[in-house]
Amino acid sequence: MHESCDVVIVGSRLAGSAAAVQFARAGRRVIVLDRSQFPSNQLSTHLLFPSGVHELERIGALEGILANDPVKSPWVSIRVGEKVELRERWRASGPIDYCLCVPRTIQDLELVRAARRAGADVREKHRVLEVLWRGGRANGVRVVGPDGNESVIEAKLVVGADGRRSTIASEVGSFRPYRSSRNGRGLIFRYGDDPMVDTRAGRTIFQWWEGDSLGFMFPSAPRGRALILFMGASDEVEHAKSDPDGYWSDKLAKHPRMAARVGGMSNLSPLIHTNQTSAFFRASSGPGWALIGDAGHFKDPVIGQGQRDAMWSGRVLAELVADPLDDPAELDLGLRRWEARRDSECLPSYHFGNLETRVEAAPPVLAEVLRLRMGHPNADLSDLYGRARSMPQVLTLPRLTAGLVFAMKRNESQLPASELARHSLHDLKIHIGVRLEKRLHRFRSHVLLAGSEHGNAEPPAYRPTRRTPQGQVAPEPSPALAAATSQPVPAPQVKQAEVASNLSAKQLKEVSA
Amino acid sequence: MTGVDRSRASGTTKVVAVQFAPRKGDVERNLLRLDDLVRAAVRDHAPTVVVLPEMVTSPHSTNSRQSGSSARPIDGSPLQLFRHLSRHTGVVVAGGFHAHRGRHAYITYVVAEPDGRVHLRNKSVLGGWDSHLAKRGRVIERVSSSTLSGASVGVIAGWEWIRSDTARALRGNVEIALGGMCWPAIRPITLGRRAKQLDVHLRQAELLRAVPADMARVLGVPTVMASLTEANPVGSIVSTPDYVGLISETQIVDATGTVLARMGPEDGEGYVSAEVKFGRPLPSAPVPSGSWICYLDERVEASNLLRRAAGALHYRARHVAGTHPWQEWPSADFASSLACGDPGEQQVATTGPAFSRPTA
């Protein structure tokens, strides 16, 4: 079969649906292909700050998501050790002043529904075999459907929204990141029933920093469920795999304040974990193609901003290039401008993620900056985490200087003064470097920011596209999906059958075993 | 460019030279047409190497906006076309285009090999028209072709074909020389009458017909020159105010200077093919002591000198003002030699010191 459209988008989750909705609203014919069948799970801690929830609202998916009765969390509590606790209300983004943490089985299904409502043709269980080229431009894809039949879809623009292990990135020659940074922290979480569901604490996003370990608690969905997350050193994942109960007990013992909040939770799910979270930038635009969401850029999940950025990148791409889609030169210019804009938008949070993923105690300067804001309930420093403002906008140089002065004066870390000064000035240098980099506007800058970017990054391993013969459609599960589904109950609020519906027969057998 | 293994490669290879008639300013249409043309040439002749002209994206235009708009990012559609054609057809594809590299534009000639290697060089001698559009590259370079058993290939574009410096740089160092041409026949500034314009045009055409053979004799290696032509070559010779049409000449010549295959302006668009032997260079003519390897009409030379100077000034002024159309594009660049590897892991154009570092 041979057909044509304006835009073919590969991947229909956050970035793909966001782009599909905007293209469709602009009157473009959009075909969205996804290898999954929805509802479908995805390894993710799925926290959305108000700016991310606002993206859901723009897409038209928020109403459906709210129908699943998630907890709206308008407050945040950030605690560093015993003495520092910042409590703020999130700054509103448009009409949205709360966070959501909705499991991907629910969220992604609503995104797909929103895309369909907007007029996009979303096709599940379709897998891309290759990108087609003509005159040096990507001009479509060859795809295999659930019936095993191959077809060709011609398009003016091919968009890869297919995640870190993007097939489209591989096909357009952009799989190898030009810039990357290794994560220091791993990600281990589970769900539980929250006895404090209807209290203020039950509607607060918590972060606890104890020594070099980070703990989080996000009220989730449906009402009464919560996600409990530890982000310690990445090698803790091995401990969690081999001894889940022992690991959990050890971590709660290390986090007494967190234990007091989450200790009473019941109906705990098995642990879900990964430490494959190196951050990266890929070249994300070229003649007739673009990579959005995690396919083009991935930042450390410690700051929880990947979902918002994925939707943002899809929406903004469509806003910029829906009009010039019929003029190849203007389209390519628009794509390149979009990539430059995405980099400008994401670089500060990329560096923020690189700082937070260091397995170290909270930087004394940051702790002092938080301390200086204690007792002020209105949104300010939480903008840094909620992405209402960028890192340079929130951690201003006067504020950092004040933090440095108080850190030196108080010296709670009990480091020698010279060591404390050296460490703090090193961080200050990074903050200045971030500002400089943003100001220089270098497109696809290769210049690494010393101190922020950590060597030996492990971006996703390249896998050449498998030219599967006609009829062999069952894909291998992605490592993320495999990890998420290797536990009996990865997303307790969703029926097991719904999760299972997305698995191949082989996977089902493994899960049930 | 990659280092060259000086142990001599030798052999026989089939070469196709494409004469191409692009439309002014219509870059995407031209690339689509070229895609078809190269695939047809490969089907018909099963060559090892396909040589395309320079400036395949668009010929020069009297409309500076149109000319400036023909530039594409170095990793844009022209380079992708060469890469994909080479990978999919299994032949070396060589051709040039108006490329945006970093902060400047160049006339960049590309040699793409089926294993994914890509060699790029910026034209070092600009014509009067080119200099309005691009900055000149630095040196004459050669590339080592993995497809041609490691043969050292001299890559020549435009006016470099008649420069003695080109011959000096490549003589004894290459086993084959190839490249493109898109010479418009410039009207010397002292001339105004149609008949004299035509006379100059014909003399330039005559000169150009001899260039590939002259260069072959001086270098002692086969040469392949591919040119742009016009869709209707007869009607366009003296039709525009500033130039008198493209001088088309496409040739494949052996090391002794014998023309093995040829297309002229009368042939329009198409391609020719020939088997060439390459190996130890056997020059049969000295490198001329002057600037050019052939006689160049003084009026043409003077005219081009002035045009080049004016063009360079114009280019610089527009660059400072930021009015070159390609300056709207976010800029990036990469090294002049890109390693082979899986297509999914090809190098991409970036900004920063990394693009100038040597690559494997």
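This is a predicted model: local features need pLDDT of at least 70, side-chain atom pairs count only at pLDDT 80 or more; totals for chains, interfaces and linings use all residues.
**Where chain B meets chain A**

- On the chain B side, α1 (27–45), β3 (72–73) and α3 (77–89) each supply at least two of the residues that touch chain A.
- Helix α1(B) gives the largest share of that side, with five residues.
- By type, the chain B side divides into twelve nonpolar, eleven polar and nine charged residues.
- Polar contacts also cross the interface of chain B and chain A, where ten residue pairs are found, both residues being at pLDDT 80 or more.
- Counting both partners, 32 residues from chain B and 30 residues from chain A take part in the contact.
- The size of an interface is often given as the accessible area lost when the parts come together.
- For chain B and chain A the buried area is about 2,600 Å², and carbon and sulfur atoms give 59% of it.

**A closer look at A:S285**

- You will find A:S285 in strand β18 of chain A, which covers residues 285–286.
- With a relative accessible area of 3%, A:S285 is under the 20% limit and therefore counts as buried.
- The side chain of A:S285 is joined to that of A:E339 by a polar contact of 2.7 Å.
- Leaving aside residues up to four places away in sequence, A:S285 touches A:A290, A:L335, A:R336, A:E339 and A:R444.

**Salt bridges within chain A**

- Over all chains, the count comes to 67 salt bridges.
- A:E453 and A:R179 form a salt bridge in which the closest N and O atoms are 2.5 Å apart.
- This pair links distant parts of the chain, 274 residues apart: A:E453 sits in the loop between α15 (417–440) and α16 (479–485) of chain A, while A:R179 belongs to strand β11 (residues 179–181) of chain A.
- Both A:E453 and A:R179 are buried.
- A:R223 and A:D198 form another salt bridge, with 3.8 Å between the closest N and O atoms.
- Here too the pair links distant parts of the chain, 25 residues apart, with A:R223 in the loop between β14 (213–219) and β15 (225–231) of chain A and A:D198 in the loop between β12 (187–193) and β13 (204–210) of chain A.
- A:R223 is partly exposed at 41% relative accessibility, whereas A:D198 is exposed at 63%.
- The side chains of A:D97 and A:R89 also meet in a salt bridge, at 3.3 Å from N to O.

**Aromatic pairs**

- Over all chains there are 13 aromatic pairs.
- The ring planes of A:F189 and A:Y191 stand at 80° with the centres 6.0 Å apart, so this pair is edge-to-face.
- Both partners are buried, A:F189 at 1% relative accessibility and A:Y191 at 3%.
- A:F206 and A:W208 are stacked, with 5.0 Å from centre to centre and 0° between the planes.
- A:F206 and A:W208 are both buried as well.
- A:Y178, A:F281 and A:Y350 come together in one aromatic cluster.

**Chain B as a whole**

- Chain B contains seven helices and 16 strands.
- Of the 360 residues in chain B, 62% count as buried.
- Looking at contacts in chain B between residues at least 6 apart in sequence, 72% join residues at least 24 apart.

Terms used
Residues are numbered from 1 along each chain as its sequence is written. Chains are lettered from A and ligands numbered from 1 in the order in which they are written. Side-chain values use heavy atoms; hydrogens and water are left out. Contact means heavy atoms within 4.5 Å. Buried area is the accessible area (1.4 Å probe) that two parts lose on being put together, summed over both. A polar contact is a pair of N or O atoms within 3.5 Å; within protein, one must be able to donate a hydrogen and the other to accept it, and residues adjacent in sequence count only if both atoms are side-chain atoms. Helices (H or I, at least four residues) and strands (E, at least two) are DSSP runs, numbered from the N terminus. Ala, Val, Leu, Ile, Met, Phe, Trp, Tyr, Cys and Pro count as nonpolar, Asp, Glu, Lys and Arg as charged, and the others, Gly among them, as polar. Rings of Phe, Tyr and Trp (its six-membered ring) pair if their centres lie within 6.5 Å; planes under 30 degrees apart count as stacked, over 60 as edge-to-face and the rest as tilted. Buried means under 20% relative accessible area, exposed over 50%, partly exposed in between (1.4 Å probe, protein chains only). A salt bridge is a side-chain nitrogen of Lys or Arg within 4 Å of a carboxyl oxygen of Asp or Glu.
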